[in-house]
Amino acid sequence: MRFLHQSALAVAYLCVAAAAAVCSGKIKPKVMILTFFNAEGEIYLTKSNLTGALDFRAQQHRVPFASPQFPYLHCTRDYDACLMTTGEAEIQATATTMALLADPQLDLSETYWVLTGIGGGAPDQVTLGSITLARFTVQVGMSYEMDARELPPGFETGFVPQGTDSPDAAWGSVYDAEVFEVSAALRDALTAMIDPVRVADSEMAAAYRAKYASVPAFAPGAAPPAVHHCDSVTSDTWFTGALLAETHTRRVKTWTNGTGIYCTTAQEDGAVLGALVRGALESRVDFSRVAIVRTVSDFDRPYPGQSVMDNLVNGTVGYPIAIENVWLAGNSIARGIIGGWDQTFKTGIPASNYVGDVWGALGGTPDFGPGRVSGGEPVVLPGAKGQHPLKVKRSTRRSRFQK
């Protein structure tokens, strides 16, 4: 009895000390930082003892069904911020995100999700070490693919949107995972929390990026790292080369109705967002509280005179500063959200743009895609908390390739 009494007092004290981050036996973080492989997560832990750093070593919680390589959620003492590593690539990222959503010990209804990882960068937009915050992620891997040795006449790439017969076609078959859009207003607010003066750089990265200076279009790639607004592509295939980069640049522009700007590569962004849309449909997540942050470790195409293979194998000289800037961005954003919780972030920042998936499952009308939307109303799942029955109209238009 004495032990139970002391435990109850401890929980009561923790609820007060943590400003309701842990109450009713649940962990309720203000910020959930997602990383995708060991080095991205480890830097948050190793820097936990620095002045101004959040200490993610203070609390640990095992998440059922998470990656066996990364089974633990790491949190600050008061559980205001938590850190989870999903494992690399789409299947790992989706599975771990769903594990977080399904964990009965977590209340994520007011949590801000900050995806922080490294990726490749387009030298016409960004450079090694750059910190990018996206509005869109586009799943460029959702394609037909032909071997380059067998391309039809006039084709510059073997990647063709599914359900079409042209590399530059807008839409064909729609799986509802081609594009996700997050809040631009939140992105802008979080950008202001990152001090551009503190963005890490190195002499090695500077020497490497100087090789791009001879191409005027690559001036951003030859410049020092900075903080940018531009968009990511998701694909499990780690691609390289000018032709594929140009293909994906056009794909992003086309699939976002001219709004998106491709600048970084990723293997997980769309996968995480797909899971979070489902979480939002069950009222477990507020999708307007999602941010995509990528830092640049390498370039997606070679400098003049460099082979594609050399760029792929030897071009990751920006890796150390990209990892450093993952932490800089994530730690700065998490501290900013926590510090501004009562004044701004608890009630949320209203999105100024559409947020959600291709179908409009969360309500609103997508400002991209083929018009296959839910009529402006959210999809209602049977038995989902806090929603009301309604019928969702979806287009019955089918491409000639669709079965």
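Helices (H or I, at least four residues) and strands (E, at least two) are DSSP runs, numbered from the N terminus. Good morning, colleagues. The structure before you is a predicted model, in which local features need pLDDT of at least 70 and side-chain atom pairs count only at pLDDT 80 or more, while totals for chains, interfaces and linings use all residues. Residues are numbered from 1 along each chain as its sequence is written, and side-chain values use heavy atoms, with hydrogens and water left out.

I turn to the pockets. On a 1 Å grid over the protein atoms alone, a pocket is an open set of points where a 1.4 Å probe fits, with protein on both sides within 12 Å along at least five of seven lines; lining residues have an atom within 4 Å of a point. A volume is the space filled by probe spheres set on the points, which are joined across faces, edges and corners.

The largest pocket has a volume of about 410 Å³. Its lining comprises 21 residues, and Asp176, Ala177, Phe180, Gly274 and Arg278 are the closest to the centre. Helix 3 (89-102) and helix 8 (269-281) are the elements that give two or more residues to this lining; helix 8 gives the most, with seven.

The second largest pocket holds about 320 Å³ of space. Among its 21 lining residues, Ile118, Gly119, Gly120, Trp238 and Gln267 lie nearest the centre. Strand 7 (112-121), strand 15 (262-266) and strand 16 (290-299) each supply at least two lining residues.

Finally, Gly363 is found in the segment after helix 11 (341-345).
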